[in-house]
Amino acid sequence: MPSDQTSRATTNKRLSATTVQALPASVAPPSYDRSRVTPGIVHLGVGAFHRAHQAVYVDDCLTAGETDWSIIGVSLRSPDTRDALAPQDGLYTLAIRSSGEEELRVIGSIGSMLVAPEDPGAVLAALSDPRTRIVTLTITEKAYLRAAGGGLDAAHPDIVHDLANPQRPRTAHGFLTEALTRRRAAGTPPFTVLCCDNLPANGATLHRLLVEFAELRDASLGASNDTRLAGHIADEVAFPSSMVDRIVPATTDADRARIAVELGVEDAWPVMTEPFRQWVIEDNFPAGRPAWEKFGVTMVGDVAPFEDMKLRLLNGAHSGIAYLGLLSGHATVDRAFADPAIRRFVDALWAEAIPTLPDDAGLDTSAYTAELTERFSNTALAHRTAQIANDGSQKLPQRIVASAVECMEAGTEFVHLTLVVAAWIAACAARGKTLPEGHFTDPLDASLTALLSQQLPANETVTAVFDLAGFAGDHAERQTLIELVAVHLVHLRRDGPTLAFAALGI
(Lines give C-alpha, C1' and ligand atoms only; values in the text may rest on other atoms or scores of the structure.)
Protein backbone atom coordinates (compact mmCIF):
# COMPACT_ATOMS: atom_id res chain seq x y z
CA MET A 1 0.00 0.00 0.00
CA PRO A 2 1.34 3.48 -0.80
CA SER A 3 2.61 5.53 2.11
CA ASP A 4 0.38 8.31 3.44
CA GLN A 5 2.99 10.82 2.35
CA THR A 6 2.85 9.60 -1.23
CA SER A 7 -0.95 9.43 -1.18
CA ARG A 8 -1.15 13.07 -0.07
CA ALA A 9 0.97 14.27 -2.98
CA THR A 10 -0.65 17.23 -4.73
CA THR A 11 -2.08 16.70 -8.21
CA ASN A 12 0.39 19.00 -9.96
CA LYS A 13 3.30 16.91 -8.60
CA ARG A 14 1.69 13.61 -9.45
CA LEU A 15 1.90 11.42 -12.52
CA SER A 16 -1.27 12.13 -14.52
CA ALA A 17 -2.63 12.76 -18.00
CA THR A 18 -1.39 16.34 -17.64
CA THR A 19 2.13 15.66 -16.36
CA VAL A 20 2.88 12.54 -18.46
CA GLN A 21 3.77 14.65 -21.50
CA ALA A 22 6.57 16.41 -19.60
CA LEU A 23 8.38 13.27 -18.42
CA PRO A 24 12.08 12.86 -19.19
CA ALA A 25 12.96 11.43 -22.62
CA SER A 26 14.27 8.29 -20.93
CA VAL A 27 10.74 7.38 -19.74
CA ALA A 28 8.38 5.95 -22.39
CA PRO A 29 4.80 7.36 -22.07
CA PRO A 30 1.73 5.93 -23.82
CA SER A 31 2.03 6.91 -27.48
CA TYR A 32 -1.69 6.60 -28.25
CA ASP A 33 -4.54 9.04 -27.54
CA ARG A 34 -6.16 7.60 -24.42
CA SER A 35 -9.28 9.73 -24.96
CA ARG A 36 -10.00 7.73 -28.13
CA VAL A 37 -9.82 4.21 -26.70
CA THR A 38 -12.87 2.30 -25.47
CA PRO A 39 -13.17 -0.54 -22.96
CA GLY A 40 -13.30 -4.14 -24.14
CA ILE A 41 -11.88 -5.98 -21.12
CA VAL A 42 -12.96 -6.05 -17.48
CA HIS A 43 -10.27 -7.32 -15.14
CA LEU A 44 -11.07 -8.67 -11.69
CA GLY A 45 -8.21 -8.34 -9.18
CA VAL A 46 -6.07 -5.35 -10.15
CA GLY A 47 -2.93 -6.23 -8.24
CA ALA A 48 0.70 -5.66 -9.09
CA PHE A 49 0.94 -8.80 -11.21
CA HIS A 50 -1.87 -7.75 -13.54
CA ARG A 51 -0.36 -4.31 -13.94
CA ALA A 52 3.05 -5.80 -14.80
CA HIS A 53 1.70 -8.48 -17.13
CA GLN A 54 -1.71 -8.50 -18.85
CA ALA A 55 -2.10 -4.71 -18.73
CA VAL A 56 1.28 -4.33 -20.45
CA TYR A 57 0.33 -6.67 -23.30
CA VAL A 58 -2.94 -4.73 -23.72
CA ASP A 59 -0.97 -1.48 -23.69
CA ASP A 60 1.11 -2.89 -26.55
CA CYS A 61 -2.09 -3.57 -28.52
CA LEU A 62 -3.46 -0.08 -27.87
CA THR A 63 -0.17 1.36 -29.06
CA ALA A 64 -0.55 -0.65 -32.28
CA GLY A 65 -3.97 0.93 -32.92
CA GLU A 66 -6.38 -1.65 -31.45
CA THR A 67 -8.31 1.06 -29.65
CA ASP A 68 -11.32 -0.95 -28.44
CA TRP A 69 -9.52 -3.04 -25.80
CA SER A 70 -8.98 -0.66 -22.87
CA ILE A 71 -9.32 -2.24 -19.41
CA ILE A 72 -11.85 -1.51 -16.68
CA GLY A 73 -10.12 -2.63 -13.50
CA VAL A 74 -12.14 -4.05 -10.60
CA SER A 75 -10.92 -4.53 -7.04
CA LEU A 76 -13.06 -7.15 -5.31
CA ARG A 77 -11.91 -6.14 -1.83
CA SER A 78 -9.65 -3.16 -1.16
CA PRO A 79 -9.83 0.38 -2.60
CA ASP A 80 -6.06 0.84 -2.29
CA THR A 81 -5.19 0.48 -5.98
CA ARG A 82 -8.11 2.70 -7.07
CA ASP A 83 -7.17 5.32 -4.50
CA ALA A 84 -3.57 5.31 -5.73
CA LEU A 85 -4.34 5.36 -9.45
CA ALA A 86 -7.45 7.56 -9.67
CA PRO A 87 -5.53 10.84 -9.07
CA GLN A 88 -3.12 9.64 -11.78
CA ASP A 89 -5.87 9.05 -14.38
CA GLY A 90 -5.05 5.34 -14.19
CA LEU A 91 -1.43 5.85 -15.26
CA TYR A 92 1.43 4.12 -13.47
CA THR A 93 5.09 3.36 -14.01
CA LEU A 94 6.43 -0.06 -14.95
CA ALA A 95 10.02 -0.41 -13.74
CA ILE A 96 11.76 -3.26 -15.57
CA ARG A 97 14.77 -4.14 -13.44
CA SER A 98 17.76 -6.35 -14.05
CA SER A 99 20.92 -6.61 -11.99
CA GLY A 100 22.59 -3.87 -14.01
CA GLU A 101 19.90 -1.45 -15.16
CA GLU A 102 16.31 -0.19 -14.94
CA GLU A 103 13.95 0.75 -17.77
CA LEU A 104 10.87 2.91 -17.04
CA ARG A 105 7.63 2.85 -19.02
CA VAL A 106 4.27 4.46 -18.24
CA ILE A 107 1.28 2.15 -18.83
CA GLY A 108 -2.08 3.62 -19.86
CA SER A 109 -4.25 0.60 -20.62
CA ILE A 110 -6.35 0.80 -17.44
CA GLY A 111 -8.99 3.35 -18.36
CA SER A 112 -10.98 3.27 -15.13
CA MET A 113 -11.15 1.52 -11.76
CA LEU A 114 -14.10 0.22 -9.74
CA VAL A 115 -14.22 -1.10 -6.16
CA ALA A 116 -16.80 -3.86 -5.91
CA PRO A 117 -17.85 -3.46 -2.25
CA GLU A 118 -18.48 0.26 -2.79
CA ASP A 119 -20.66 -0.13 -5.88
CA PRO A 120 -21.42 -3.68 -6.99
CA GLY A 121 -24.02 -2.29 -9.40
CA ALA A 122 -21.35 -0.40 -11.33
CA VAL A 123 -19.27 -3.56 -11.65
CA LEU A 124 -22.28 -5.53 -12.92
CA ALA A 125 -23.03 -2.74 -15.40
CA ALA A 126 -19.47 -2.89 -16.75
CA LEU A 127 -19.63 -6.69 -17.05
CA SER A 128 -23.02 -6.49 -18.78
CA ASP A 129 -21.92 -3.80 -21.27
CA PRO A 130 -21.95 -5.27 -24.82
CA ARG A 131 -18.51 -3.70 -25.39
CA THR A 132 -17.06 -6.04 -22.75
CA ARG A 133 -15.97 -9.13 -24.66
CA ILE A 134 -13.33 -10.53 -22.31
CA VAL A 135 -13.19 -10.80 -18.51
CA THR A 136 -9.75 -11.59 -17.10
CA LEU A 137 -8.99 -12.59 -13.52
CA THR A 138 -6.00 -12.52 -11.17
CA ILE A 139 -7.73 -12.93 -7.82
CA THR A 140 -5.23 -15.44 -6.27
CA GLU A 141 -5.88 -19.13 -5.68
CA LYS A 142 -7.78 -18.70 -2.42
CA ALA A 143 -10.45 -16.44 -3.98
CA TYR A 144 -11.80 -19.32 -6.04
CA LEU A 145 -13.27 -20.69 -2.81
CA ARG A 146 -12.62 -24.35 -3.43
CA ALA A 147 -13.34 -26.98 -0.81
CA ALA A 148 -10.71 -29.56 0.14
CA GLY A 149 -11.85 -31.88 -2.65
CA GLY A 150 -11.49 -29.19 -5.30
CA GLY A 151 -15.17 -28.38 -5.78
CA LEU A 152 -16.91 -25.16 -4.85
CA ASP A 153 -17.11 -24.48 -1.12
CA ALA A 154 -20.87 -24.06 -1.04
CA ALA A 155 -20.81 -23.34 2.71
CA HIS A 156 -18.45 -20.37 2.41
CA PRO A 157 -20.19 -17.27 3.85
CA ASP A 158 -19.55 -15.22 0.69
CA ILE A 159 -21.01 -17.95 -1.54
CA VAL A 160 -24.04 -18.18 0.74
CA HIS A 161 -24.39 -14.38 0.58
CA ASP A 162 -24.15 -14.26 -3.22
CA LEU A 163 -26.79 -16.95 -3.66
CA ALA A 164 -29.14 -14.97 -1.45
CA ASN A 165 -28.22 -11.56 -2.89
CA PRO A 166 -27.50 -11.92 -6.62
CA GLN A 167 -27.81 -8.16 -7.20
CA ARG A 168 -25.10 -7.38 -4.62
CA PRO A 169 -22.44 -10.07 -5.05
CA ARG A 170 -19.11 -10.27 -3.23
CA THR A 171 -17.31 -13.02 -5.12
CA ALA A 172 -16.05 -13.41 -8.66
CA HIS A 173 -18.53 -16.30 -8.97
CA GLY A 174 -21.43 -14.05 -8.06
CA PHE A 175 -20.40 -11.17 -10.33
CA LEU A 176 -19.74 -13.37 -13.36
CA THR A 177 -22.94 -15.39 -12.96
CA GLU A 178 -25.19 -12.35 -12.49
CA ALA A 179 -23.58 -10.54 -15.42
CA LEU A 180 -24.02 -13.56 -17.68
CA THR A 181 -27.66 -13.74 -16.54
CA ARG A 182 -28.21 -10.11 -17.55
CA ARG A 183 -26.43 -10.52 -20.86
CA ARG A 184 -28.51 -13.57 -21.70
CA ALA A 185 -31.74 -11.74 -20.84
CA ALA A 186 -30.70 -8.79 -23.01
CA GLY A 187 -29.69 -10.99 -25.96
CA THR A 188 -26.04 -9.97 -25.57
CA PRO A 189 -23.51 -12.68 -26.38
CA PRO A 190 -21.51 -13.90 -23.38
CA PHE A 191 -18.02 -12.62 -22.73
CA THR A 192 -15.02 -14.93 -22.72
CA VAL A 193 -13.69 -15.68 -19.22
CA LEU A 194 -9.87 -15.78 -19.15
CA CYS A 195 -8.37 -16.99 -15.88
CA CYS A 196 -4.76 -15.85 -15.32
CA ASP A 197 -4.20 -17.37 -11.88
CA ASN A 198 -1.91 -20.28 -11.03
CA LEU A 199 -4.57 -22.98 -10.91
CA PRO A 200 -4.26 -26.36 -12.60
CA ALA A 201 -6.15 -26.19 -15.93
CA ASN A 202 -7.29 -22.78 -14.77
CA GLY A 203 -9.90 -22.19 -17.46
CA ALA A 204 -11.49 -25.60 -17.00
CA THR A 205 -11.29 -25.23 -13.22
CA LEU A 206 -13.08 -21.88 -13.22
CA HIS A 207 -15.62 -23.21 -15.72
CA ARG A 208 -16.45 -26.10 -13.41
CA LEU A 209 -16.68 -23.87 -10.31
CA LEU A 210 -18.93 -21.37 -12.06
CA VAL A 211 -21.24 -24.11 -13.33
CA GLU A 212 -21.44 -25.47 -9.76
CA PHE A 213 -22.31 -21.99 -8.47
CA ALA A 214 -24.91 -21.52 -11.22
CA GLU A 215 -26.51 -24.87 -10.36
CA LEU A 216 -26.87 -23.75 -6.74
CA ARG A 217 -28.34 -20.45 -7.91
CA ASP A 218 -30.75 -22.19 -10.30
CA ALA A 219 -31.90 -24.43 -7.46
CA SER A 220 -32.35 -21.52 -5.04
CA LEU A 221 -34.45 -19.63 -7.60
CA GLY A 222 -36.40 -22.66 -8.73
CA ALA A 223 -35.32 -22.06 -12.32
CA SER A 224 -37.04 -24.03 -15.09
CA ASN A 225 -35.15 -25.88 -17.79
CA ASP A 226 -35.64 -22.91 -20.13
CA THR A 227 -34.18 -20.38 -17.69
CA ARG A 228 -31.42 -22.48 -16.11
CA LEU A 229 -28.15 -20.61 -16.25
CA ALA A 230 -25.88 -23.57 -15.45
CA GLY A 231 -26.47 -25.15 -18.84
CA HIS A 232 -25.89 -21.82 -20.60
CA ILE A 233 -22.54 -21.37 -18.86
CA ALA A 234 -21.57 -24.99 -19.46
CA ASP A 235 -22.35 -24.90 -23.18
CA GLU A 236 -22.12 -21.30 -24.38
CA VAL A 237 -19.39 -19.51 -22.39
CA ALA A 238 -15.72 -19.90 -23.37
CA PHE A 239 -13.14 -20.45 -20.61
CA PRO A 240 -9.73 -20.75 -22.29
CA SER A 241 -6.89 -21.77 -19.99
CA SER A 242 -3.77 -19.65 -19.82
CA MET A 243 -0.31 -19.69 -18.29
CA VAL A 244 1.28 -16.48 -17.06
CA ASP A 245 4.82 -15.82 -15.90
CA ARG A 246 6.60 -12.72 -14.68
CA ILE A 247 8.24 -12.09 -11.32
CA VAL A 248 6.67 -9.06 -9.63
CA PRO A 249 8.00 -8.23 -6.16
CA ALA A 250 6.11 -5.95 -3.81
CA THR A 251 6.69 -2.22 -4.34
CA THR A 252 8.42 -0.45 -1.43
CA ASP A 253 8.57 3.18 -0.32
CA ALA A 254 12.20 3.17 -1.48
CA ASP A 255 11.01 2.14 -4.95
CA ARG A 256 8.47 4.99 -5.00
CA ALA A 257 11.09 7.51 -3.92
CA ARG A 258 13.55 6.34 -6.58
CA ILE A 259 10.91 6.40 -9.33
CA ALA A 260 9.79 9.89 -8.31
CA VAL A 261 13.33 11.18 -8.78
CA GLU A 262 13.52 9.59 -12.25
CA LEU A 263 10.10 10.90 -13.34
CA GLY A 264 10.26 14.33 -11.78
CA VAL A 265 6.74 13.67 -10.42
CA GLU A 266 5.38 11.23 -7.86
CA ASP A 267 3.80 7.90 -8.71
CA ALA A 268 1.83 6.45 -5.79
CA TRP A 269 2.02 2.88 -7.00
CA PRO A 270 4.67 1.99 -9.58
CA VAL A 271 5.25 -1.69 -10.32
CA MET A 272 8.62 -3.46 -10.17
CA THR A 273 9.29 -6.39 -12.48
CA GLU A 274 11.91 -8.35 -14.42
CA PRO A 275 12.64 -8.22 -18.17
CA PHE A 276 11.21 -11.73 -18.73
CA ARG A 277 7.50 -12.14 -19.41
CA GLN A 278 5.46 -15.02 -20.82
CA TRP A 279 1.80 -15.61 -21.59
CA VAL A 280 0.48 -18.79 -23.18
CA ILE A 281 -3.26 -18.82 -24.01
CA GLU A 282 -5.65 -21.34 -25.53
CA ASP A 283 -7.09 -19.59 -28.57
CA ASN A 284 -10.85 -19.77 -27.89
CA PHE A 285 -12.43 -16.30 -28.02
CA PRO A 286 -15.84 -16.36 -29.72
CA ALA A 287 -16.40 -12.64 -29.07
CA GLY A 288 -12.98 -11.60 -30.39
CA ARG A 289 -9.65 -10.71 -28.79
CA PRO A 290 -6.67 -8.38 -29.19
CA ALA A 291 -3.83 -9.50 -31.49
CA TRP A 292 -1.72 -10.50 -28.50
CA GLU A 293 0.42 -12.83 -30.58
CA LYS A 294 2.04 -9.79 -32.23
CA PHE A 295 3.60 -8.92 -28.87
CA GLY A 296 4.98 -12.25 -27.74
CA VAL A 297 1.89 -14.09 -26.47
CA THR A 298 1.85 -17.76 -27.49
CA MET A 299 -1.62 -18.79 -28.71
CA VAL A 300 -2.05 -22.58 -28.52
CA GLY A 301 -4.62 -25.34 -28.66
CA ASP A 302 -3.60 -26.81 -25.28
CA VAL A 303 -1.83 -24.84 -22.58
CA ALA A 304 -1.38 -27.80 -20.19
CA PRO A 305 2.27 -28.72 -20.97
CA PHE A 306 3.41 -25.10 -20.62
CA GLU A 307 1.38 -24.69 -17.44
CA ASP A 308 2.85 -27.83 -15.88
CA MET A 309 6.41 -26.77 -16.72
CA LYS A 310 5.90 -23.36 -15.13
CA LEU A 311 4.08 -24.66 -12.06
CA ARG A 312 6.56 -27.46 -11.33
CA LEU A 313 9.85 -25.81 -12.30
CA LEU A 314 9.35 -22.10 -11.60
CA ASN A 315 6.61 -22.06 -8.97
CA GLY A 316 7.73 -25.28 -7.30
CA ALA A 317 11.30 -24.01 -7.01
CA HIS A 318 10.00 -20.64 -5.79
CA SER A 319 8.10 -22.33 -2.95
CA GLY A 320 11.17 -24.38 -2.00
CA ILE A 321 13.37 -21.28 -2.07
CA ALA A 322 10.81 -19.33 -0.02
CA TYR A 323 10.31 -21.79 2.85
CA LEU A 324 13.90 -23.03 3.05
CA GLY A 325 15.09 -19.45 2.62
CA LEU A 326 12.92 -18.24 5.49
CA LEU A 327 14.15 -21.07 7.72
CA SER A 328 17.75 -20.19 6.74
CA GLY A 329 17.36 -16.46 7.42
CA HIS A 330 17.24 -15.25 3.80
CA ALA A 331 14.83 -12.36 3.16
CA THR A 332 14.93 -12.36 -0.67
CA VAL A 333 15.05 -14.91 -3.47
CA ASP A 334 18.41 -13.82 -4.85
CA ARG A 335 20.04 -14.14 -1.40
CA ALA A 336 18.47 -17.54 -0.80
CA PHE A 337 19.44 -18.75 -4.27
CA ALA A 338 23.02 -17.60 -3.64
CA ASP A 339 23.15 -19.98 -0.65
CA PRO A 340 25.10 -22.97 -2.05
CA ALA A 341 22.96 -25.54 -0.25
CA ILE A 342 19.68 -24.04 -1.52
CA ARG A 343 21.13 -23.69 -5.00
CA ARG A 344 22.05 -27.42 -5.05
CA PHE A 345 18.63 -28.25 -3.62
CA VAL A 346 16.87 -26.44 -6.49
CA ASP A 347 18.91 -28.35 -9.07
CA ALA A 348 17.91 -31.62 -7.39
CA LEU A 349 14.26 -30.52 -7.21
CA TRP A 350 14.26 -29.82 -10.94
CA ALA A 351 15.84 -33.23 -11.61
CA GLU A 352 12.90 -34.88 -9.82
CA ALA A 353 10.18 -32.72 -11.40
CA ILE A 354 11.33 -32.68 -15.03
CA PRO A 355 10.52 -36.40 -15.69
CA THR A 356 6.89 -35.69 -14.71
CA LEU A 357 6.51 -33.35 -17.71
CA PRO A 358 5.38 -34.67 -21.12
CA ASP A 359 8.30 -35.44 -23.40
CA ASP A 360 6.29 -35.02 -26.61
CA ALA A 361 5.14 -31.41 -26.16
CA GLY A 362 8.26 -29.67 -27.44
CA LEU A 363 9.28 -28.34 -24.01
CA ASP A 364 12.92 -27.29 -23.69
CA THR A 365 13.44 -27.83 -19.98
CA SER A 366 17.21 -27.25 -20.16
CA ALA A 367 16.78 -23.79 -21.66
CA TYR A 368 13.92 -23.06 -19.27
CA THR A 369 15.86 -23.94 -16.11
CA ALA A 370 18.88 -21.99 -17.38
CA GLU A 371 16.60 -18.98 -17.77
CA LEU A 372 15.17 -19.55 -14.28
CA THR A 373 18.68 -19.62 -12.85
CA GLU A 374 19.31 -16.16 -14.28
CA ARG A 375 15.95 -14.86 -13.08
CA PHE A 376 16.36 -16.16 -9.52
CA SER A 377 19.80 -14.52 -9.40
CA ASN A 378 18.48 -11.04 -10.31
CA THR A 379 19.70 -8.88 -7.41
CA ALA A 380 17.69 -5.85 -8.53
CA LEU A 381 14.26 -7.37 -7.84
CA ALA A 382 14.55 -8.01 -4.07
CA HIS A 383 11.68 -10.52 -4.34
CA ARG A 384 10.81 -11.27 -0.72
CA THR A 385 10.66 -14.89 0.36
CA ALA A 386 7.79 -14.00 2.72
CA GLN A 387 5.73 -12.76 -0.24
CA ILE A 388 6.15 -16.05 -2.10
CA ALA A 389 5.40 -18.00 1.10
CA ASN A 390 1.78 -16.79 1.30
CA ASP A 391 -1.07 -19.28 0.73
CA GLY A 392 1.02 -22.45 0.75
CA SER A 393 -1.96 -24.72 1.38
CA GLN A 394 -3.47 -23.50 -1.90
CA LYS A 395 -0.25 -23.47 -3.95
CA LEU A 396 1.60 -26.63 -2.95
CA PRO A 397 -0.91 -29.16 -4.36
CA GLN A 398 -0.20 -28.16 -7.97
CA ARG A 399 3.39 -26.95 -7.49
CA ILE A 400 4.79 -29.86 -5.45
CA VAL A 401 2.29 -32.55 -4.44
CA ALA A 402 1.20 -33.28 -8.02
CA SER A 403 4.83 -33.90 -9.04
CA ALA A 404 5.43 -36.10 -6.00
CA VAL A 405 2.33 -38.19 -6.75
CA GLU A 406 3.45 -38.71 -10.35
CA CYS A 407 6.91 -39.72 -9.15
CA MET A 408 5.33 -42.28 -6.81
CA GLU A 409 3.29 -43.70 -9.66
CA ALA A 410 6.36 -43.89 -11.91
CA GLY A 411 8.57 -45.34 -9.18
CA THR A 412 11.10 -42.49 -9.35
CA GLU A 413 12.77 -40.60 -6.49
CA PHE A 414 11.09 -37.52 -5.02
CA VAL A 415 12.78 -36.81 -1.67
CA HIS A 416 13.52 -33.18 -2.52
CA LEU A 417 9.89 -32.50 -3.43
CA THR A 418 8.72 -33.75 -0.04
CA LEU A 419 11.22 -31.47 1.74
CA VAL A 420 9.33 -28.46 0.34
CA VAL A 421 6.12 -29.62 2.04
CA ALA A 422 7.96 -30.19 5.32
CA ALA A 423 9.62 -26.77 5.05
CA TRP A 424 6.21 -25.15 4.61
CA ILE A 425 4.94 -26.84 7.78
CA ALA A 426 8.10 -25.85 9.67
CA ALA A 427 7.92 -22.26 8.45
CA CYS A 428 4.27 -22.02 9.51
CA ALA A 429 5.24 -23.32 12.96
CA ALA A 430 8.15 -20.83 13.16
CA ARG A 431 5.92 -17.77 12.94
CA GLY A 432 5.87 -15.98 16.26
CA LYS A 433 9.06 -17.82 17.24
CA THR A 434 12.10 -17.60 14.96
CA LEU A 435 10.01 -15.78 12.33
CA PRO A 436 7.83 -12.71 13.03
CA GLU A 437 4.18 -13.28 13.84
CA GLY A 438 2.14 -13.01 10.63
CA HIS A 439 5.31 -12.96 8.49
CA PHE A 440 3.27 -14.71 5.80
CA THR A 441 -0.33 -15.87 5.73
CA ASP A 442 -2.47 -18.81 4.67
CA PRO A 443 -6.25 -19.31 4.34
CA LEU A 444 -5.93 -22.18 6.86
CA ASP A 445 -3.98 -20.13 9.41
CA ALA A 446 -6.47 -20.44 12.26
CA SER A 447 -6.59 -24.22 11.99
CA LEU A 448 -2.86 -24.53 11.25
CA THR A 449 -1.94 -22.43 14.29
CA ALA A 450 -4.13 -24.53 16.57
CA LEU A 451 -2.74 -27.75 15.14
CA LEU A 452 0.93 -26.77 15.21
CA SER A 453 0.69 -25.39 18.75
CA GLN A 454 0.03 -28.97 19.97
CA GLN A 455 3.61 -29.96 19.07
CA LEU A 456 2.57 -33.46 18.04
CA PRO A 457 5.11 -36.03 16.81
CA ALA A 458 6.16 -35.35 13.23
CA ASN A 459 4.12 -38.16 11.65
CA GLU A 460 0.95 -37.10 13.48
CA THR A 461 1.56 -33.47 12.57
CA VAL A 462 2.00 -34.21 8.87
CA THR A 463 -1.03 -36.51 8.79
CA ALA A 464 -3.19 -33.83 10.39
CA VAL A 465 -1.89 -31.16 7.99
CA PHE A 466 -2.58 -33.39 4.98
CA ASP A 467 -6.11 -33.99 6.28
CA LEU A 468 -6.63 -30.27 6.83
CA ALA A 469 -5.27 -29.15 3.46
CA GLY A 470 -6.56 -32.12 1.46
CA PHE A 471 -3.10 -33.00 0.13
CA ALA A 472 -3.00 -36.12 -2.09
CA GLY A 473 -6.70 -36.78 -1.46
CA ASP A 474 -7.43 -40.48 -1.28
CA HIS A 475 -4.40 -41.52 -3.34
CA ALA A 476 -3.30 -45.06 -2.57
CA GLU A 477 0.27 -43.95 -1.78
CA ARG A 478 -0.76 -41.01 0.40
CA GLN A 479 0.68 -42.63 3.54
CA THR A 480 4.06 -43.05 1.84
CA LEU A 481 4.06 -39.35 1.02
CA ILE A 482 3.19 -38.48 4.61
CA GLU A 483 5.99 -40.62 5.98
CA LEU A 484 8.59 -39.03 3.69
CA VAL A 485 7.47 -35.51 4.66
CA ALA A 486 7.56 -36.50 8.33
CA VAL A 487 11.20 -37.62 8.08
CA HIS A 488 12.16 -34.18 6.75
CA LEU A 489 10.11 -32.46 9.46
CA VAL A 490 12.03 -34.37 12.15
CA HIS A 491 15.29 -33.03 10.70
CA LEU A 492 13.96 -29.47 10.38
CA ARG A 493 12.70 -29.50 13.97
CA ARG A 494 16.01 -30.81 15.27
CA ASP A 495 18.48 -28.59 13.44
CA GLY A 496 16.70 -26.63 10.71
CA PRO A 497 17.66 -26.86 7.02
CA THR A 498 21.27 -27.78 7.86
CA LEU A 499 20.34 -31.30 9.01
CA ALA A 500 17.65 -31.66 6.32
CA PHE A 501 20.18 -30.82 3.61
CA ALA A 502 22.83 -33.08 5.15
CA ALA A 503 20.40 -36.00 5.15
CA LEU A 504 19.98 -35.49 1.40
CA GLY A 505 23.73 -35.24 0.82
CA ILE A 506 23.52 -31.56 -0.12
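Helix α17 (residues 415-430) comprises 16 residues and spans 22 Å from its first C-alpha to its last, close to the 22 Å expected at 1.5 Å a residue; the expected span is 1.5 Å times one less than the number of residues. Helices (H or I, at least four residues) and strands (E, at least two) are DSSP runs, numbered from the N terminus. The model is predicted, with pLDDT of at least 70 needed for local features and 80 or more for side-chain atom pairs, whereas totals for chains, interfaces and linings use all residues. Residues are numbered from 1 along each chain as its sequence is written, and side-chain values use heavy atoms, with hydrogens and water left out.

Of the 16 residues of α17, 14 are buried, so the helix is largely enclosed by the rest of the structure. Buried denotes under 20% relative accessible area, exposed over 50%, and partly exposed the range in between (1.4 Å probe, protein chains only). Gly-432, which follows α17, has a positive phi, near 85°.

Strand β3 (residues 92-97) is likewise largely enclosed by the rest of the structure, because six of its six residues are buried. Tyr-92, Leu-94 and Ile-96 point one way from β3, while Thr-93, Ala-95 and Arg-97 point the other way. In a regular strand, side chains alternate between the two faces of the sheet. Strands are taken to pair if DSSP finds at least two bridges between them. β3 runs antiparallel to strand β4 (residues 102-107), to which six bridges join it, and the two form a hairpin with four residues between them. Within this pairing, Ala-95 has Leu-104 of β4 as its bridge partner. β3 is also joined by three bridges to strand β9 (residues 271-273), in a parallel arrangement; here Ile-96 is partnered by Thr-273.

The second largest pocket holds about 780 Å³ of space. A pocket is an open set of points on a 1 Å grid over the protein atoms alone, where a 1.4 Å probe fits, with protein on both sides within 12 Å along at least five of seven lines; lining residues have an atom within 4 Å of a point. Grid points are joined across faces, edges and corners, and the volume is the space filled by probe spheres set on the points. The lining of this pocket has 29 residues, and Arg-146, Ala-147, Ala-148, Gly-150 and Pro-397 lie nearest the centre. α16 gives the most to the lining, with six residues.
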